[in-house]
Amino acid sequence: MTLPVRNSWDPFTALVRQFDSEFDAIVRRAFGGAAPVRTGFVPAADVTRDGNDVVISLELPGVPAEDVDVEVVDGTLRVSGERREERSSDKDGVLIREIRSGSFRREFALPDHVTADSIEAEHADGMLRVRVRDVGPAKAEPRKIEVRSAKALGPSERD
């Protein structure tokens with residue numbers, strides 16, 4: 001006679017689930033503040049310099065220009081929008097769904113003198129390019145300053 005196999009509690013699986021839950025809570029507290037922003041995906045971004053301008057390029061495949069907002073809020077460039085899920089009437093036909101949909105938001109700190117008038121945005125071929133004009137030159141390269149001994153200075157040079 002064989003006994004029926006019962007689903008038993010697996011302590012390893014329970015431990016992994018607890019760890020995942022605790023880790024998610026730590027990340028939310030560290031980065032999300034009181035209410036985390038739920039995002040369906042986070043678009044990849046490149047930030048490059050073009051003379052005195054900064055160009056921010058974001059990958060937004062499947063996101064039409066009318067679903068993207070670019071704004072300046074409290075010294076921050078905020079790019080937000082939504083990638084809508086493609087709906088099909090035959091749900092049984094979907095075997096794997098890896099393309100993420102939902103809302104997104106990326107933020108970039110701006111120098112104090114930059115206003116919304118200094119910013120242009122263009123959307124084409126699944127890429128959003130935001131040009132921040134006249135940010136100024138890159139920071140000066142570090143340079144070593146010679147330290148002279150006070151003994152080497154003459155009396156008139158010390159005061």
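A salt bridge here is a side-chain nitrogen of Lys or Arg within 4 Å of a carboxyl oxygen of Asp or Glu. By that criterion, a search of the whole structure finds nine salt bridges.

The structure is a predicted model: local features need pLDDT of at least 70, side-chain atom pairs count only at pLDDT 80 or more, and totals for chains, interfaces and linings use all residues. Residues are numbered from 1 along each chain as its sequence is written, and side-chain values use heavy atoms, with hydrogens and water left out.

Start with the pair Arg133 and Asp53. Their side chains form a salt bridge, 2.9 Å from N to O. This pair links distant parts of the chain. Arg133 sits in the loop between β7 and α2 (155-158), Asp53 in strand β2, and 80 residues separate them. Helices (H or I, at least four residues) and strands (E, at least two) are DSSP runs, numbered from the N terminus. How buried or exposed are the two ends? Asp53 counts as buried, at 11% relative accessibility. Arg133 is partly exposed, at 34%. Buried means under 20% relative accessible area, exposed over 50%, and partly exposed in between (1.4 Å probe, protein chains only). Both residues belong to a network of salt bridges that links Asp50, Asp53, Glu120, Arg131 and Arg133.

Now turn to Glu107. Glu107 forms a salt bridge with Arg78, and the closest N and O atoms are 2.9 Å apart. This pair also links distant parts of the chain: Arg78 lies in strand β4, Glu107 in strand β5, 29 residues apart. Arg105 forms a salt bridge with Glu107 too, at 3.3 Å between the closest N and O atoms. Glu107 is partly exposed, at 40% relative accessible area. So is Arg78, at 21%. Arg105 is partly exposed as well, at 37%.

Next comes the nonpolar core. Such a core is a set of buried Ala, Val, Leu, Ile, Met, Phe, Trp, Tyr and Cys residues joined through side-chain atoms within 4.5 Å. The largest one has 18 residues. Those with the most contacts inside it are Ile56, Leu60, Leu77, Val79, Ile119, Leu128 and Val132. Strands β2 (53-59), β4 (76-83), β5 (102-109) and β7 (127-132) each give two or more residues to this core.

Which residues does Val79 touch, leaving aside its neighbours within four places in sequence? Val79 is in contact (heavy atoms within 4.5 Å) with Leu58, Val68, Asp69, Val70, Phe104, Arg105, Arg106 and Leu128.
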